[in-house]
Amino acid sequence: MLSRSLGAFLGVLVGAAARLRRGGRPLHPRGTVLRGTLRIDADPDAPGARPAYVGPALVRVSRAAGLPPPWPDVHGLAFRWQEDGRLSDVLLSSTGNGRLGRFVLSPRRGAWSGWFTSVMPFRTGEGPVLLAACPTAAARGGDAPVVDVVLLSARAGGPWHRWGRLTASAVDPEGIRFDPVLHAPAGLGTYPWAAALRLPAYRRARRPLR
């Protein structure tokens, strides 16, 4: 299966990156973890809409390759919340927001100069659904560790609809690991081909060097 082969190859690349970093994080080594609030208040016609929710969230803003500013890098925006004892993780990466650009990673100097998307779609009863985050004016004011984004959802090539809002500003100690495969939000599952692509790299990133 192509996705399994590609996933294994990505796992090898992540392992090589871990050795180059001498045991440090091979992916997203530079980042800030914050405590904030997640509000899910999706439009009724939003793909992947789910019951309303307001509660605490952990948020990580990071640079994928760990290049120091002002070098461009692919920026990551990850958030976690717990509802009814269930952990839910969403990982978003800097991309465009057009029909094709939403699937293409986009290196940039600042985290808040553009959109983030899940790149890979979530599995729902309605078909594939993407999540995205659009920075508000408050977030675009600088690179300080302040998160204020509108969350959106869309079908693969369809228009974006409001899904919620995420804000965070209180710095939390680092060390958290996010996993959107094992902790996919309720109603937003993972396709088997996407899991086959991602899991080898995630497992290798967590494995200590020998």
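The points below cover the fold, the cores and the salt bridges.

This is a predicted model, in which local features need pLDDT of at least 70 and side-chain atom pairs count only at pLDDT 80 or more, while totals for chains, interfaces and linings use all residues. Residues are numbered from 1 along each chain as its sequence is written, and side-chain values use heavy atoms, with hydrogens and water left out. Eight strands close into a barrel. The structure holds six salt bridges.

**Barrel**

- The barrel order is S1-S2-S3-S4-S5-S6-S7-S8, with antiparallel pairing.
- Strands here are DSSP runs of E, at least two residues long, numbered from the N terminus.
- Two strands count as paired if DSSP finds at least two bridges between them.
- S1 and S2 run antiparallel and are joined by 11 bridges.
- In this pairing, Ile40 stands opposite Tyr53 in S2.
- Strands of a sheet pair through backbone hydrogen bonds, either parallel or antiparallel.

**Nonpolar cores**

- A nonpolar core is a set of buried Ala, Val, Leu, Ile, Met, Phe, Trp, Tyr and Cys residues joined through side-chain atoms within 4.5 Å.
- Buried means under 20% relative accessible area, exposed means over 50%, and partly exposed lies in between (1.4 Å probe, protein chains only).
- The largest core has 26 residues, and those with the most contacts inside it are Leu38, Leu77, Phe79, Trp112, Val147 and Leu166.
- S1, S2, S3 (75-83), S4 (86-94), S6 (129-135), S7 (147-155) and S8 (161-172) each supply at least two residues of this core.
- S2 gives the largest share of this core, four residues.
- Another core, of seven residues, lies apart from it; Val150, Leu152, Ala154 and Trp160 are among its members.

**Arg50 and Glu83**

- Arg50 sits in the loop between strand S1 (30-40) and strand S2 (53-63).
- Glu83 forms a salt bridge with Arg50, the closest N and O atoms being 2.9 Å apart.
- This pair links distant parts of the chain, with Glu83 in strand S3 and Arg50 in the loop between S1 and S2, 33 residues apart.
- A salt bridge is a side-chain nitrogen of Lys or Arg within 4 Å of a carboxyl oxygen of Asp or Glu.
- Arg50 counts as buried because its relative accessibility is 18%.
- Glu83 is partly exposed, because its relative accessible area is 23%.
- Leaving aside neighbours within four places in sequence, Arg50 is in contact with Ile40, Trp81, Glu83, Trp163 and Ala186.
- Contact here means heavy atoms within 4.5 Å.

**Arg155 and Glu126**

- Arg155 forms a salt bridge with Glu126, the closest N and O atoms being 3.2 Å apart.
- The pair links distant parts of the chain: Arg155 is in strand S7, and Glu126 is in the loop between strand S5 (116-117) and S6, 29 residues apart.
- Arg155 counts as partly exposed at 40% relative accessibility.
- Glu126 also counts as partly exposed, at 44% relative accessibility.

**Asp148 and Arg165**

- The side chains of Asp148 and Arg165 meet in a salt bridge (2.9 Å, N to O).
- Asp148 lies in strand S7 and Arg165 in strand S8, so the pair ties together parts that are 17 residues apart in sequence.
- Asp148 counts as buried because its relative accessibility is 11%.
- Arg165 is partly exposed, with a relative accessible area of 32%.
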